[in-house]
Amino acid sequence: MTQPHNPTRLQSLDELEFSAVLSDLDGIVYRGDDAIAGAVARFRSWHDQGLPYCFITNNAEKSADDFASKIIGLGIPCTPHQVVSAAEVTLAYVSARYAPGTPVYVVGTPSFKNRVEAAGFVLASTAAQVVLVALDRQFDYSMMKAALRNVLGGAELIGTNPDLIRPVDDGFEPGAGAIAHSIATAAGVSPKFIGKPSPDIIHLAMERLGVQAQSAIMLGDQLDTDILAAQRAGVRGVFVETGVPINPRSAVKTEYLLQQL
Ligand SMILES: [Mg+2]
């Protein structure tokens with residue numbers, strides 16, 4: 001893992017040599033429903049050059065098809081195959097460890113719950129073997145209580161991603177990680193997180209594109225998720241300053257800084 005202390009400030013990505021791009025979505029491609037300046041033109045030109053790219057998101061609220069539609073709507077060519085989400089990687093992780101029919105208590109959107117069911121699990125509010133936590137803006141005390149009781153009963157607490165904060169149109173909102181930590185704190189356990197900064201999600205994206213770590217770059221706006229995941233997978237991380245402000249207390253140091261795409 002390379003963690004240089006003085007990041008190189010790039011004027012443009014043209015200063016780097018790469019043949020594939022892995023990119024975060026929130027804070028890099030869009031913020032809320034609006035495209036971020038420079039992103040659309042950049043990805044369009046990579047598409048025109050035939051340079052492969054894949055989007056990697058910790059957001060588990062929507063399916064790959066939904067993300068691809070949103071990205072296309074902003075003017076960037078994209079197929080569902082070019083989107084890897086924490087939900088997908090999380091369900092692969094749970095499927096590898098728990099048999100179909102396992103009762104799972106889910107904190108998440110209806111779309112996420114549908115995908116948990118489609119993966120063969122049974123949604124349950126009691127006697128669950130797994131408590132699966134994704135971002136859910138309806139999360140409340142009764143859900144926290146149900147999750148707590150399942151964890152105290154022996155269920156494994158798994159979070160789709162450890163993000164504590166997310167950029168939205170008018171500022172920031174708590175992320176799935178903050179919800180998972182609230183349950184973990186009450187239960188006195190540590191949650192298992194699957195999305196970035198776990199390198200698994202980066203490996204899956206590289207496999208999709210058929211590229212090696214050394215030929216790729218990863219664009220992100222969070223040191224503790226995007227950049228750390230890239231470093232763990234041996235990919236050069238570029239911190240782009242269009243999303244969450246850089247966390248000066250983070251132990252993660254980016255190799256490259258870029259003001260905007
Ligand atoms: Mg982001």
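**Close-up views of a predicted model**

**View 1. Surroundings of S215 in the predicted model.** Apart from residues up to four places away in sequence, S215 is in contact with F18, S19 and A20. The structure shown here and in the following views is a predicted model. S215 belongs to the loop that runs between α7 and β14. With 15 other C-beta atoms within 10 Å, S215 is partly exposed, because a residue counts as buried at 20 or more such atoms and as exposed at 12 or fewer. The C-alpha atoms of S215 and E17 lie 7.8 Å apart, although 198 residues separate the two in sequence.

**View 2. Helix α8 and its covering elements.** Helix α8 spans residues 223-232 and is mostly covered, with nine of its 10 residues buried. The buried residues are L223, D224, T225, D226, I227, L228, A229, A230 and Q231. Among the elements that cover them are α7 (200-209), β14 (216-220) and β15 (236-240). G234 follows α8 and has a positive phi, near 75°.

**View 3. Packing of helices α5 and α6.** Helix α5 comprises residues 141-152 and helix α6 residues 176-187; their axes are 9 Å apart and meet at an angle of about 50°. The two helices, α5 and α6, are therefore oblique to each other. Their crossing, that of α5 and α6, is right-handed. On the α5 side the contact is formed by M144, A147, L148, V151 and L152, and on the α6 side by S182, I183, A186 and A187. By residue class, the contact of α5 with α6 contains eight nonpolar residues, one polar residue and no charged residue.

**View 4. The largest nonpolar core and the contacts of L132.** The largest nonpolar core has 78 residues, of which V131, L132, I183 and I202 touch the most other members. L132 is in contact with V94, V104, V106, G108, V116 and I158, when its neighbours within four places in sequence are left aside.

View 5. V84 is buried, with 26 other C-beta atoms within 10 Å. V83 is likewise buried, with 24 other C-beta atoms within 10 Å. Not counting residues up to four places away in sequence, V84 touches C54, I56, V89, I201, L204, A205 and R208. V84 and D24 are 60 residues apart along the chain, and their C-alpha atoms are separated by 9.8 Å. For V83 and G120, 37 residues apart along the chain, the separation between C-alpha atoms is 22 Å.

View 6. K196 and P197 are joined by a cis peptide bond, with omega about 15°. P197 is placed in the loop that connects β13 (192-193) and α7.

**View 7. Backbone of A127.** A127 is a residue other than glycine with a positive phi, near 55°. The loop in which A127 is found lies between β8 (122-123) and β9 (130-133). A127 has 12 other C-beta atoms within 10 Å and is therefore exposed.

View 8. A41 lies in helix α1, which consists of residues 39-49. With 13 other C-beta atoms within 10 Å, A41 is partly exposed. The C-alpha atoms of A41 and L261 are 8.6 Å apart in space, while 220 residues separate the pair in sequence.

Technical notes. Residues numbered from 1 in each chain as written. Predicted model: local features only at pLDDT ≥ 70, side-chain atom pairs only at ≥ 80, totals over all residues. Core = buried A, V, L, I, M, F, W, Y, C linked by C-beta atoms within 7 Å. Contact = placed C-beta atoms within 7 Å. Axes fitted to C-alpha atoms, helices over the stretch in contact; angles between N-to-C directions. Helix = DSSP H or I, 4+ residues; strand = E, 2+ residues; numbered from the N terminus. Parallel < 35°, antiparallel > 145°, perpendicular 65-115°, else oblique. Left-handed = near helix turned anticlockwise from the far one by under 90°. Nonpolar A, V, L, I, M, F, W, Y, C, P; charged D, E, K, R; others polar.
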